[in-house]
Amino acid sequence: MSPAEATLHWVEHFVIHHGLCPFAARPFREGRVVTYTQDSDELDTCFAWALTRVQSLVQKEPGEVETSLLVFPNILETFTEFLDFVTTFETVLQEVGADELVQLAHFHPRYQFAGVDKEDPGNATNRAPFPVIQLLRVESVATAVA
């Protein structure tokens, strides 16, 4: 199973099956969740690629693509390195104003919430088979919450 297939399997059979995100099932069933895999092990390459994925998402209609899952199977192995990447990515999105269009969620095989023991079962909600950054449309999240 490819990293993209494994990630989609995780979304369907864990996230949706257990109701971890009440807004995930519909776009998933409608084929509006897309997965992109970056096979590079170079941090700069992965970062630049992730920024192009943001641009691609905002240029598409929500009816075409609702959310994008960016999968990094060959990099960001440590959770600390992954969080640093996510923090820097969020900062750049804020600096260019893209944070008004795109919201991030992030998942990692070793995900650990701050102040929580690494073996706490609650960490499983954010543990994916690979490091993943989810790009969500801010407008769609607001609509779903309302």
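Q: In β4, which residue is the bridge partner of L104?
A: L104 is bridged to L135. β3 and β4 are antiparallel and share six bridges; strands count as paired if DSSP finds at least two bridges between them. Strands here are DSSP runs of E with at least two residues, helices are runs of H or I with at least four, and both are numbered from the N terminus.

Q: What kind of model is this, and what pLDDT do local features need?
A: This is a predicted model, in which local features need pLDDT of at least 70 and side-chain atom pairs count only at pLDDT 80 or more, while totals for chains, interfaces and linings use all residues. Residues are numbered from 1 along each chain as its sequence is written, and side-chain values use heavy atoms, with hydrogens and water left out.

Q: Back to β4. How many of its residues are buried?
A: Six of the six, so β4 is largely enclosed by the rest of the structure. Buried means under 20% relative accessible area, exposed means over 50%, and partly exposed is in between, with a 1.4 Å probe and protein chains only.

Q: Which residues are on which side of β4?
A: V132, Q134 and L136 are on one side, and I133, L135 and R137 are on the other. In a regular strand the side chains alternate between the two faces of the sheet.

Q: Which strand do five bridges join to β4?
A: That is β2, which runs antiparallel to β4. V71 has V132 as its bridge partner in β4.

Q: Is β2 enclosed or open, and why?
A: β2, residues 67–71, is largely enclosed by the rest of the structure, because five of its five residues are buried. T67, L69 and V71 point one way, and S68 and L70 point the other way.

Q: In what sense do β1 and β2 pair?
A: Parallel, over five bridges. The chain gets from β1 to β2 through helix α3, residues 43–59, in a right-handed β-α-β crossover. Right-handed means that, with the strands pointing away from the viewer, the path from the first strand over the helix to the second runs clockwise. Within this pair, V34 stands opposite S68.

Q: Which residues have the most contacts inside the largest nonpolar core?
A: F72, F89, I133 and L135, in a core of 24 residues. Elements that each supply at least two residues of this core are α3, α4, β3 and β4. A nonpolar core is a set of buried Ala, Val, Leu, Ile, Met, Phe, Trp, Tyr and Cys residues joined through side-chain atoms within 4.5 Å. A second, separate core has twelve residues, including W10, F28, V132 and L136.

Q: What does I133 touch?
A: Its contacts, not counting residues up to four places away in sequence, include F72, F82, F85 and L104. Contact means heavy atoms within 4.5 Å.

Q: New topic: where is T7, and is T7 buried or exposed?
A: T7 is in helix α1, residues 3–16, and is buried at a relative accessible area of 0%. A polar atom of the T7 side chain lies 2.8 Å from the backbone oxygen of P3. A polar contact is a pair of N or O atoms within 3.5 Å; within protein, one must be able to donate a hydrogen and the other to accept it, and residues adjacent in sequence count only if both atoms are side-chain atoms. Leaving out residues up to four places away in sequence, T7 touches L69, V71, P129, F130 and V132.

Q: And Q38, buried or exposed?
A: Buried, at 12% relative accessibility. Q38 is in the loop between β1 and α3, and its side chain reaches the backbone nitrogen of S40 at 2.9 Å. Beyond its neighbours within four places in sequence, Q38 is in contact with residues including C46, W49 and F72.

Q: How far apart are W49 and F72 in space?
A: 11 Å, C-alpha to C-alpha, and 23 residues apart in sequence. W49 is in helix α3 and is buried at 16% relative accessible area.

Q: What about the phi of L76?
A: Phi is near 60°, a positive value in a residue other than glycine. L76 lies in the loop between β2 and α4 and is buried, with a relative accessible area of 0%.
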